[in-house]
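Reader: I have a sequence and a model of it to go through. Could we take it piece by piece?

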Amino acid sequence: MNNKIFLSLLVLWCCPVSTFSQDDYPERRDVLVEEIEAMVMETREYIGKDRLKGAVIEAIRNVPRHEFVPDLYKSYAYENRPLPIGSRQTISQPYIVALMTDLAEVNSNSIVLEVGTGSGYQAAVLAELVHHVYSIEILDSLAQKAQRTLFNLGYENITVRSGDGYNGWQEHAPYDAIIVTAAPEEIPQPLIEQLKPGGKIVIPVGAQSRTQYLRVITKNRSGDVEVKEILPVGFVPLTRK
Ligand code: SAH
C-alpha cells in the first residue's frame with residue numbers, strides 16, 4: 001500500500017495540473033462516489049458487504065474535500081487517492097474514509113472520537129452523520145489548520161484539540177465509536193476503556209515495516225472485546241508525545 005501511495009505521488013509530479021472550475025466540484029464528487037462504490041464491490045469479500053450505507057455515501061457527496069487539500073493538489077481532490085497535507089502527513093483515500101465511517105456504525109445520536117485529525121476531512125464526514133465529533137491531532141499546526149477549515153465550513157458539531165490521542169480524550173468518554181486514522185503497533189488500551197459497551201473502534205494496526213490491517217473492535221455489553229480483521233491498509237504511524 002505504501003508503494004501505491006508512493007507511485008500515486010510520483011504520478012502527481014509527472015502530470016500537468018489540470019484546470020477545473022469550481023462549478024465542477026459537485027459532479028466530480030458524484031464520479032468519486034461511483035468509484036468508491038465500485039471499489040466496495042471489488043473488496044466485498046474482505047469487507048463482508050457489497051454496498052455501504054446510503055447515509056455514508058450521502059456524507060461523501062456533501063463534504064467539499066477540495067477545502068481540506070492544499071492548493072497544489074486541489075485539482076486532485078476528487079480522485080480516489082490519499083494526498084499530502086504537509087508535515088509529512090496525508091488526507092486518507094476517500095474509499096477508506098467511507099469504509100471506516102460505515103464500519104463505525106454510527107447514528108445521529110452518536111458521540112465519536114477521532115484520533116488523527118489531519119486535514120479534518122474524516123471528522124467532517126463523520127459530523128454529517130453523528131451528534132458530535134471530538135478529534136485529537138498530535139501536530140499543533142495541523143490541528144489549528146483543521147479547526148479553521150471546519151469553522152469556515154460551518155461545522156458546529158466538531159471539537160478539535162492538539163494532543164497525543166493514544167490516551168484518548170477522557171473528558172468526553174465514553175464514546176459510541178472511535179476512529180483512529182494513524183497506525184499503532186497494538187490497539188491502545190485507553191481507547192478500549194473509553195468505548196461504550198456496544199461501541200466500535202475502527203483502527204489500522206501494524207508496524208510500518210509490516211502489513212497493517214484495518215481492524216474493527218466491538219465491545220460487548222459485558223465489556224469483553226471481539227476483534228475482526230478487515231483488509232490490508234497503509235496509514236502513517238501513530239506517534240507519541
Ligand atoms: N483523518 C485525517 C488523516 C490523517 S493522517 C484526514 O481526514 O485528513 C493521520 C494523522 O494522525 C496525522 O495528521 C498525524 O499527525 C496524526 N497522529 C499521529 N499520531 C497521533 C497521535 N498519537 N495522536 C493524535 N494524532 C496523531
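Reader: In which strand does L83 lie?

Author: The model is a predicted one. At 0% relative accessibility, L83 counts as buried. Its C-alpha atom is separated by 7.7 Å from that of Q93, 10 residues apart along the chain. The strand that holds L83 is β1.

Reader: Which loop holds K74, and which backbone oxygen does its side chain reach?

Author: K74 has its place in the loop between α4 and β1. Leaving aside neighbours within four places in sequence, K74 is in contact with Y25, H66, E67 and V69.

Reader: How far apart in space are K74 and E229?

Author: Along the sequence, K74 and E229 are 155 residues apart. From C-alpha to C-alpha, the separation in space is 33 Å.

Reader: Where on helix α4 do the buried residues fall?

Author: The helix spans residues 54-62, and V56, I57, A59 and I60 are buried in it. Seen down the axis of α4, these buried residues fall within an arc of 155°. An α-helix has 3.6 residues a turn, so residues three or four places apart point the same way. The buried residues of α4 therefore line one face of the helix.

Reader: Which helices are included in what covers those buried residues of α4?

Author: Cover here means contact, with heavy atoms within 4.5 Å. What covers the buried residues of α4 includes α2 (25-42), α5 (94-103) and α6 (121-127).

Reader: How many residues of α5 are buried?

Author: Among the buried residues of α5 are P94, Y95, I96 and V97. T101 and D102 are buried in α5 too. Following the helix is E105, whose phi is positive, near 50°. Because α5 is largely enclosed by the rest of the structure, its count of buried residues is 10 of the 10.

Reader: How much of the ligand's accessible area does the protein cover?

Author: A nitrogen atom of the ligand is 2.6 Å from a polar backbone atom of T239. A nitrogen atom of the ligand is also 2.9 Å from an N or O atom in the side chain of E114, and a polar side-chain atom of D164 lies 2.9 Å from a ligand nitrogen. Of the 580 Å² of accessible area that the ligand has on its own, the protein covers 99%.

Reader: Which element gives the most to the shell around the ligand?

Author: The ligand is surrounded by 27 residues, the closest being S119, E137, D164, G165 and T239. At least two residues of the shell come from each of β2 (89-91), β3 (111-115), α6 and β4 (132-137). With three residues, the element that gives the most is β2.

Reader: How many residues of the shell are charged?

Author: By class, the shell around the ligand has 11 nonpolar and 13 polar residues. The charged residues of the shell number three.

Terms used
Residues numbered from 1 in each chain as written. Predicted model: local features only at pLDDT ≥ 70, side-chain atom pairs only at ≥ 80, totals over all residues. Heavy atoms only, no water. Buried < 20%, exposed > 50% of the residue type's maximum accessible area, 1.4 Å probe, protein only. Helix = DSSP H or I, 4+ residues; strand = E, 2+ residues; numbered from the N terminus. Arc of directions from axis to C-beta. Near = heavy atom within 4 Å. Polar contact = N/O pair within 3.5 Å; in protein donor to acceptor, adjacent residues only side chain to side chain. Areas by Shrake-Rupley, 256 points an atom, 1.4 Å probe, with all protein chains shown as cover. Nonpolar A, V, L, I, M, F, W, Y, C, P; charged D, E, K, R; others polar.
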